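Please work through the following exercises with the sequence and the model at hand. Each task is followed by a stepwise solution.

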Amino acid sequence: MIEIIGHERQRRLLAAKPAQSYLFVGPEGVGRRAVARWFAYGLNCERGFPPCGECASCRLRQHPDYLEIKPEVRTKSGQVSRRPQIRLEQIAPREGSEGKSLIEWMQTAPRFKAKVAVVDSAHLLGEQAANALLKLLEEPPSYGHVILIAPVREAVLPTLASRSLTIGFGPAPIDELRRITSDEAALGYSEGAVGRLRAALANPAGLREAESAAKDWLASLDDPAALLVATRRLEELAGGDFDPWVFVARGLETWPAAYRRAALAELARLREELSAYVSAELAYTRLALAMRRIYAEMRSGSPVSR
Ligand SMILES: [Zn+2]
């Protein structure tokens, strides 16, 4: 059975009058995929919504009428891709490609009553893949439903967004999450997202490591050489289970607004540079120098320079 914390309003909306395509927007780990699965189980349940958990369809753990497509995070050579993308062959049949595409999967009738395909990170659809998906959204089979998942509506191509009913998902109130745990570090890292909370609780050592690397980073702001080392370490950890930059951002919350904004802008610039294939060492060095400047300006009380 699918256990979901919160999102009652969204689930009422889905159950009342199912549409053929949706766009689920909200922060990572907040439960958009869990609700998509719940929707698929509800559509296929003998007794309808909410899924009973007992019928032949509900008892299946891997449901044949539910499919998730997501970006490939590794390149063909096995490296972690800096620009993950949903490729055309994941959406539409293409000569020479292995595996079944979403459109092929959607062409056959459901085993039970309805098919639900989830396109996770729809903002990372390649152009050709997006065009192929658009055709499906324009003429879906009567039993077919598509759910696009993205952080915000604006991140998705307008042609796709306009054919989908947008449903927003927010973080759960922290008091609801306290029913799961009292671990403050895990609760803080979750930022109200149940998925992130569960990941944090499943690997407490990894979480502590990310937290302490972020502390080291914040403690070396007046020393560019140490900050360079600390930045390298944070980037290594960011490829793992926990993003230590979340803790850095929380650490910056105590800074006066102007300096905090300047610091966050520098972190955003680091992301941009790394995704634009600027040499990582060059980007880290630039960040270290910029952060030392902002930190020195904050301590001396002088205005933020550009
Ligand atoms: Zn059922």
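**Exercise 1: Backbone in the loops**

P50 is placed in the loop between α2 (32–44) and β2 (66–69); helices (H or I, at least four residues) and strands (E, at least two) are DSSP runs, numbered from the N terminus. The model is predicted, so local features need pLDDT of at least 70, side-chain atom pairs count only at pLDDT 80 or more, and totals for chains, interfaces and linings use all residues. Residues are numbered from 1 along each chain as its sequence is written, and side-chain values use heavy atoms, with hydrogens and water left out.

Task: Determine which peptide bond joins F49 and P50, cis or trans.

Solution. Omega is about -15°. The bond between F49 and P50 is therefore cis.

**Exercise 2: Positive phi**

Task: State where E191 lies and whether E191 is buried, partly exposed or exposed.

Solution. 
1. E191 is in the loop between α8 (184–190) and α9 (194–202).
2. Its phi is positive, about 50°, although E191 is not a glycine.

Task: Describe how the buried residues of α13 are arranged.

Solution. 
1. The buried residues of α13 include Y259, A262 and L270.
2. Seen down the axis of α13, the buried residues fall within an arc of 140°, so they line one face (the arc is that of the directions from the helix axis to the C-beta atoms).
3. R261 and E272 are exposed on the face turned away from the buried side.

Technical notes:
Buried < 20%, exposed > 50% of the residue type's maximum accessible area, 1.4 Å probe, protein only.
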